[in-house]
Every structure is written in C-alpha cells, then in structure tokens.
Amino acid sequence: MRARFWGTRGSCPAPGAHTLRFGGNTTCLELRTDDDGLVIFDAGSGIRELGLTLAAASGGAPVRGDVFFSHAHWDHIQGLPFFTPAFQKGNQFRLFGSPALERSLEVVLRQQMSPVVFPVAFDQLSARMEFAPFGSYAHDGNGYSLRAINVRHPGGALGFRVNPPGAPDRSIVFIPDNELDRDGDRAEDASTRDALVDFARGARILIHDAMYTGAEYMNHRGWGHSSYRDAVDFAIAAEVETLVLFHHEPERSDDALDAMLALCHQMVSERNGHVRVIAAAEGESLEV
Ligand SMILES: [Zn+2]
Ligand SMILES: [Zn+2]
C-alpha cells in the first residue's frame, strides 16, 4: 500500500516561500491499495491537484474511488468543489463521513456549494457522488480494510486505521485532527486515551496532528489539536514504527518544522523510544 500527501497543512492554506518544502495545501491523503485501488482521506485544498493528476492519468477512462472524511471543517472539505474528476460523467465516488457529526456530511458538502457561497451546485457534479453509510465505523473495500474511531475535536472527528485485507501488520493510522491532552485528569480522558492507544497500536505508520509547540498548546487548549510532544508520547505508547507529524500550523515555516523535528528526535532518544519521526511533506509517499 502506498500513501501520498497532497495536503499537509492545518486550518488554512499557507502557500508561499516559507512552506515550499512541507507544503501549503490543507489536508488530503491519497492511498493506493496493493492492486492500485484509490482511497482518499479528506478533501482539503490538496485534493485539487490530486484531481488534476487523476484526470490526466486516466486518459478519459472512468475514475472510481472511496473518499473518507475525518470531519467537515473547512480545511478538510474546501477542495472538493475544485476536484476535477467530480465534474466528469462516468466517474464514481463513494463518500464516507462520521455518523456522529452534528450535521451530516452530506448536508455540509451541499451547503458549501450553495449559490450564496459557490457558483456550482453539488447536484451539478457530473460524476456519481454517493453518500455511503458508515454507521459501523468499519468498511471492507476493494483491497483494503478500514476501521474508524471518534477522536477529541470540536464538532466531532474520526481517526482511521487502514490495512490490506488480512494484513493488520501493514497498517496506516491517520488522525489528522485530535487533541491528545495528556494532562487530562478525568477518568473519561484516561479511557479515551487508552482506547486510542489500542486503536493505533503497532501501526507501521501513524500520521497524527502535531500542530502546536508546547507553549502554543497552552494558549489553545480545547481547540482540538495536539502539541508535537503529545504526539511523540502517543506514538511511543502505541509502539508504532514511524510517526508522521501532520496538520502543520499555517505560520510554521519549513525551517521551524525542521527545528520541531529535531526536538522530537531528541525526545525519542531521551525516552529510549524506537519511533522514527518525520514530518508530512506535500508530494511525498510512504509505503507499507
Ligand atoms: Zn483541520
Ligand atoms: Zn478540524
């Protein structure tokens, strides 16, 4: 299986000279199954360029894929109206969203294409866009098995664990927006964290929200994001092979991300951990 980053940024696109290496587009991850099936996670601004690439590669042949939405915040849906394959008749996409959202994914995606905010209505998309039931938080697709879990994020959000069928040792865990809150002292916090550690345990790759420094986090408690220190702690506890820092703060420059990575490496060695830590970079791929 191969995962490729098309958008790594959190909250708001941040193009410019200071984000060239790690990327300025908001969340979008492309997954290719062993037999080249297409699975997409989130439709931030990164999905625009993924769409252009899919359209060019298809040579006019139908494009089919499953699209999973962690949640419906802007930075995870704003690219969908610019996803070229959605405008091509014959293409087919199944859209999966959390059943726990206050307003359903379908309603939000339709509203972001209502005339007052966007010129083209959702129903004018020529591809078949089918909202798929996801009440069981699990899905066996063509060439992949997926499970989801509720995470801590305002309005609700999902984390995903995906692997080839029958190969749980080749798992990728994708948790783009989540507040780990290691200082949470309520019993509910402890059980939530334990369930999440179990969910991610032993994954080859854990892609996790690491938006803040420790100082930034103290000013943003309750906003639904994690510090890089909490992400490293979590990765060590879950005994994953590789932690990929994700949902980069829009103001975080490439050089500042390098510095953050160095602090992560130092932290892992101080704790005698075995986790490799890297930062998600637009255009880069990882294989399991
Ligand atoms: Zn986000
Ligand atoms: Zn969010």
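In strand β9, Leu158 is the bridge partner of Asn150. This pair belongs to a predicted model, in which seven bridges connect strand β8 (residues 144-151) with strand β9 (residues 157-163). The two strands run antiparallel.

**The sheet**
- Seven strands form an open sheet with mixed pairing, in the order β7-β8-β9-β10-β11-β12-β13.
- The edges are held by β7 (138-141) and β13 (276-279); each has a single partner strand, so one side of each lacks a neighbour in the sheet.
- On average, neighbouring strands of this sheet are turned by 20° against each other, with direction ignored.

**Helices packed on the sheet**
- Helix α6 (residues 228-237) packs on the sheet and touches β10 (172-175), β11 (205-209) and β12 (242-246).
- The direction of helix α6 makes about 150° with that of β11.
- Helix α7 (residues 254-270) also packs on the sheet, where β12 and β13 are the strands it touches.
- With the direction of β13, that of helix α7 makes about 170°.

- Leaving aside residues up to four places away in sequence, His139 touches Asp66, Phe68, Arg94, Phe96, Phe134, Tyr144, Ser145 and Leu146.
- Among these contacts, Tyr144, Ser145 and Leu146 fall within the residue range 144-151 of strand β8.

Technical notes: Residues are numbered from 1 along each chain as its sequence is written. Chains are lettered from A and ligands numbered from 1 in the order in which they are written. This is a predicted model: local features need pLDDT of at least 70, side-chain atom pairs count only at pLDDT 80 or more; totals for chains, interfaces and linings use all residues. Side-chain values use heavy atoms; hydrogens and water are left out. Two strands pair if DSSP finds at least two bridges between them. Helices (H or I, at least four residues) and strands (E, at least two) are DSSP runs, numbered from the N terminus. Axes are lines fitted to C-alpha atoms, for helices over the stretch in contact, and angles run from 0 to 180 degrees between N-to-C directions. Contact means heavy atoms within 4.5 Å.
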